[in-house]
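User: Hi! Could you walk me through this one? I'd like to talk about the contact between the chains and then the salt bridges.

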Amino acid sequence: MATGSGKIRRVSLNTPVTEEALRDLKLGDVVYLNGVVYTGREGVYKQCLEDGVPLPENLAEISNVNFHCSPAATPDGQGGYNVGALSGTASFRFAKWLDRWFKASGAKIIIGKGGMSSEDYRKFFVPNRAIYLTTVGYGTGALLGRGVKGVRKVHWLEELGLAQAMWMFEVEELGPFIVESDLDGNSLFERENAAITKNFEKLYEGTRPATLRRYGETDNRSDEVI
Amino acid sequence: MISIEKIQQTAEVLMAKAAIDIPDDYLTGLQEAANAEEGDLSSFVLQAMLENYEAAKQDRRAMCADTGVPRWYVKMGNTASIEGGPVALERALRLATARATTDVPLRPNRVHPLWRTDHNNNVGLRAPEIEYAFEPEGDWVDLITVHKGGLFGTDYRMLFPGDGIEGIKRFYLDSLIAFGKRGLACQPAIIGVGLGGSKDTTMVLGKQAACLRIVGDRNPDPKIAALELELKELGNSIGMGAMGFVGKSMVIDCHIEAAYCHTGGMPMSVHAFCLSSRRACARLHADGRVEYRTDPMWFTPFMRRETVEWQPEAEKLEELV
């Protein structure tokens with residue numbers, strides 16, 4: 001389902017997401033999610049991919065959307081949880097696990113902060129038919145908190161702690177997120193960087209390189225620091 | 001005498017206010033940036049942020065789930081007296097930080113740098129930081145809390161007098177662009193620039209310039225004030241907006257603070273106070289009144305004094321007459 005608003009296209013998706021729905025997404029589309037979304041980051045990846053702990057049964061049928069996130073949540077004293085704010089954490093640190101994670105979990109969407117390089121998308125995402133959604137701002141913690149309607153289950157809360165556990169959230173119109181990579185492995189951030197870099201020669205007129213240089217320094221401003 | 005109970009209660013209120021309520025000056029600045037922004041994606045991000053501040057206020061939830069590393073700035077009038085003294089004050093601020101972490105809730109972000117262990121309450125070794133300053137008049141205490149993220153957007157460099165304004169501009173642009181890509185700095189931000197002092201002073205001053213001056217405030221030195229406006233304009237002409245998308249909203253305001261430095265050097269720091277510029281302040285008076293406000297009023301003529309004696313020359317002459 002897609003509705004136009006200005007030049008930005010808004011799309012609502014149900015989880016588990018289908019290949020057809022992913023194929024329809026364009027870089028820069030705004031996405032909201034319904035169904036179940038689970039968190040998973042270095043603690044889950046290490047435990048399941050390196051230490052051999054089995055994944056929750058039928059994970060891909062429950063959801064194929066993995067959010068790089070730790071919620072600001074507290075137990076409600078009745079066996080449930082109060083979920084306050086949610087924000088993505090920077091994903092570029094987790095690239096090394098993703099190929100094996102896609103194969104083991106059946107995940108098709110990764111959500112997080114800032115995306116990864118298009119090289120990573122082509123190496124890990126494209127062969128596994130997966131895409132990347134970025135959180136917005138990156139401070140829309142209160143809006144994302146509103147999209148969480150319940151906690152279906154928390155896996156490995158004791159073993160991994162609150163921040164690293166796998167939280168399975170029941171969500172309604174959880175978002176906004178922006179499509180950062182498509183099924184061909186293109187990156188929205190890299191497209192935007194390329195457009196902005198054209199301006200740099202003029203921008204840097206009237207500036208001077210520092211007298212004292214630093215080891216490891218680059219003057220190529222089309223480089224990124226991630 | 002200012003009661004320690006009042007200090008702790010006020011500190012807990014400030015922790016919640018900082019986490020939930022975006023300060024008016026930053027909100028107004030961001031609304032202006034949103035109105036001026038022409039990039040589609042950047043505009044969308046700014047609108048989402050404005051909705052997010054509203055959602056945080058309505059639901060009384062933290063505006064960002066990364067609730068930063070909470071810290072305190074304390075300023076005392078010269079005749080202020082605190083029940084239990086400064087040691088009791090520090091205990092109250094640590095206690096308020098721990099309680100607010102559970103009550104708001106905030107994310108317990110603070111861990112040991114090597115062992116990654118924590119107390120789940122944002123209190124630990126040297127945490128929260130507490131910085132002090134004084135004013136010549138008054139029996140009040142100002143409490144200011146700042147919740148700022150800590151990973152991206154800040155850098156330091158030793159420049160030299162020969163690098164001049166051109167060198168300052170280069171390092172400023174480099175910092176904004178390196179951390180602006182993909183929006184790692186969570187811009188548009190209040191950019192603070194520290195110039196001069198020793199290396200540590202430069203870092204401290206730049207951070208205070210970003211976090212403790214409100215949008216629209218100008219340095220009293222007219223030449224520095226002009227440079228602030230020039231750097232603001234320069235940052236907004238990069239062509240980059242929120243999240244590093246094509247746009248022009250990078251800098252909501254730029255604040256520069258200077259300190260006398262070694263004759264051979266010109267150290268510089270750049271700091272970005274992000275889209276969730278979280279600060280809250282209150283003045284506690286000796287008679288028990290508490291006044292909440294959003295302007296820290298940290299940088300005063302006394303704080304920026306240049307000579308041995310504070311008392312301005314004119315006043316001294318008047319006394320002689």
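**Chain contact and salt bridges**

Analyst: Happy to. There are 8 salt bridges between chain B and chain A. Keep in mind that this is a predicted model.

User: Which of those can you show me?

Analyst: One of them pairs Glu180(A) with Arg182(B), with 3.7 Å between the closest N and O atoms. There is also a salt-bridge network that links Arg213(A), Arg214(A), Glu217(A), Asp219(A), Arg221(A), Asp155(B), Arg157(B) and Asp174(B).

User: And how many residue pairs are in polar contact between chain B and chain A?

Analyst: That count is 27, with both residues at pLDDT 80 or more. On the side of chain B that touches chain A, helix 3 of chain B gives the most, with 12 residues. By class, that side of chain B has 30 nonpolar, 10 polar and 15 charged residues.

User: How much area do chain B and chain A bury between them?

Analyst: About 4,800 Å², with 60% of it on carbon and sulfur atoms. In chain B, the residues that lose the most area to chain A are Phe44(B), Arg170(B) and Arg182(B), together 18% of what that side buries. The contact takes 55 residues from chain B and 63 residues from chain A.

User: Switching topic: what's chain B like as a fold?

Analyst: Chain B has 8 helices and 9 strands. Its radius of gyration is 20 Å, close to the 20 Å that the globule rule gives for 321 residues, so chain B is as compact as a globular protein of that length. Buried residues make up 57% of chain B.

User: Back to charges. Which residue does Asp142(B) form a salt bridge with?

Analyst: Its partner is Arg283(B), and the closest N and O atoms are 2.7 Å apart. The pair links strand 3 of chain B, which holds Asp142(B), to strand 8 of chain B, which holds Arg283(B), 141 residues apart.

User: Is Asp142(B) buried or exposed?

Analyst: Buried, at 1% relative accessibility. Arg283(B) counts as buried too, at 16%.

Definitions and conventions. Residues are numbered from 1 along each chain as its sequence is written. Chains are lettered from A and ligands numbered from 1 in the order in which they are written. This is a predicted model: local features need pLDDT of at least 70, side-chain atom pairs count only at pLDDT 80 or more; totals for chains, interfaces and linings use all residues. Side-chain values use heavy atoms; hydrogens and water are left out. Contact means heavy atoms within 4.5 Å. Buried area is the accessible area (1.4 Å probe) that two parts lose on being put together, summed over both. A salt bridge is a side-chain nitrogen of Lys or Arg within 4 Å of a carboxyl oxygen of Asp or Glu. A polar contact is a pair of N or O atoms within 3.5 Å; within protein, one must be able to donate a hydrogen and the other to accept it, and residues adjacent in sequence count only if both atoms are side-chain atoms. Helices (H or I, at least four residues) and strands (E, at least two) are DSSP runs, numbered from the N terminus. Ala, Val, Leu, Ile, Met, Phe, Trp, Tyr, Cys and Pro count as nonpolar, Asp, Glu, Lys and Arg as charged, and the others, Gly among them, as polar. The radius of gyration is taken over C-alpha atoms; the globule rule is 2.2 Å times the number of residues to the power 0.38. Buried means under 20% relative accessible area, exposed over 50%, partly exposed in between (1.4 Å probe, protein chains only).
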